[in-house]
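Open the model in your viewer and keep the selection tool at hand. The stops below are taken in turn.

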Amino acid sequence: MSEPLLRVEGLAKHFQGLRAVDEVTFEVQRGELVGLIGPNGAGKSTLFNCIAGAIPRTAGSVAFNGRRIAGLDPARIARLGIARTYQNLRIFPDITVFDNVSAGAIGRIGISLLGTLIPQLGRKRDEAIAEATLAALQRFDLLEYADQPAGNLAYGQKKHLEIARALSLQPTLLLLDEPAAGLNDTETAELATRLRALRDGGLTILLVEHDMPMVMRICDRIVVLDSGRKIAEGVPAAIRADAAVRAAYLGDDT
Ligand code: ADP
Ligand code: MG
């Protein structure tokens, strides 16, 4: 078996007495689209924060591409190829759509002092940033809004902008925290198609999402959390039929 792209082992995060993430172990293979589901408060966002280095873990290890990344700072982890979006929108409303999205590319490619001193080097970087940004904007139908303040966008477009920004970092692993939240049915269907296309293009995705029809339809595999613990893992059909998952989360009408 080939080495997984992401390996989370015995990962724990405690807030005072609360075990928000409680010894969770799972792997994501290269090219997989894996769903991470569970009731509110299950620990999904906290798990993302630990993987991305936004908060320190209490215990356990995270390996990316065979390399231990737990304990590295978030900018370093992003440069290694893990991009993420947040459950709550984090956009800069007063700057342009282009600049919002290029923030991701800059994080990856960097703006160096050397680049500002040696114009040729600086220009190369600027071109690389612009290229990655334009590609991401195009993918999410945001190109025509590139020069507008991001605050002008409709809610659904703002959600897309966040994913475009993460993509402009040219990641190998994309962590998405509830990208369909607040989207209408048409927008959700569009998003599902785009995520599937990204996955078919070789991107590995870990998707936190409450929209079960979407999760069941597009995910290769699903990991289920409840009260910080992993209670199930498997292909969508197996998760749908799992008694513990139904009791904790899905209910009887799914
Ligand atoms: P989910 O994303 O699955 O809804 P979260 O990861 O946001 O769940 O939260 C898991 C648990 O950890 C919840 O009980 C939440 O209240 C708690 N929690 C999350 N962040 C913090 C924090 N910074 N301080 C204290 N408790 C937190
Ligand atoms: Mg959450």
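How many disulfides does the count come to? The count comes to zero disulfides, a disulfide being a pair of cysteine sulfur atoms within 2.5 Å.

This is a predicted model, where local features need pLDDT of at least 70 and side-chain atom pairs count only at pLDDT 80 or more, while totals for chains, interfaces and linings use all residues. Residues are numbered from 1 along each chain as its sequence is written, and side-chain values use heavy atoms, with hydrogens and water left out.

Select Cys 50. Cys 50 counts as buried at 7% relative accessibility; buried means under 20% relative accessible area, with a 1.4 Å probe and protein chains only. Next select Cys 219, which counts as buried at 6%.

Now select residues 155-168, helix H6 (helices are DSSP runs of H or I, at least four residues, numbered from the N terminus). Twelve of its 14 residues are buried, so H6 is largely enclosed by the rest of the structure. Among the buried ones are Gly 156, His 160 and Leu 167. Just after H6, select Gln 170, which takes a positive phi of about 50°.

Notes: Chains are lettered from A and ligands numbered from 1 in the order in which they are written. Helices (H or I, at least four residues) and strands (E, at least two) are DSSP runs, numbered from the N terminus. The expected span of a helix is 1.5 Å times one less than its number of residues. Buried means under 20% relative accessible area, exposed over 50%, partly exposed in between (1.4 Å probe, protein chains only).
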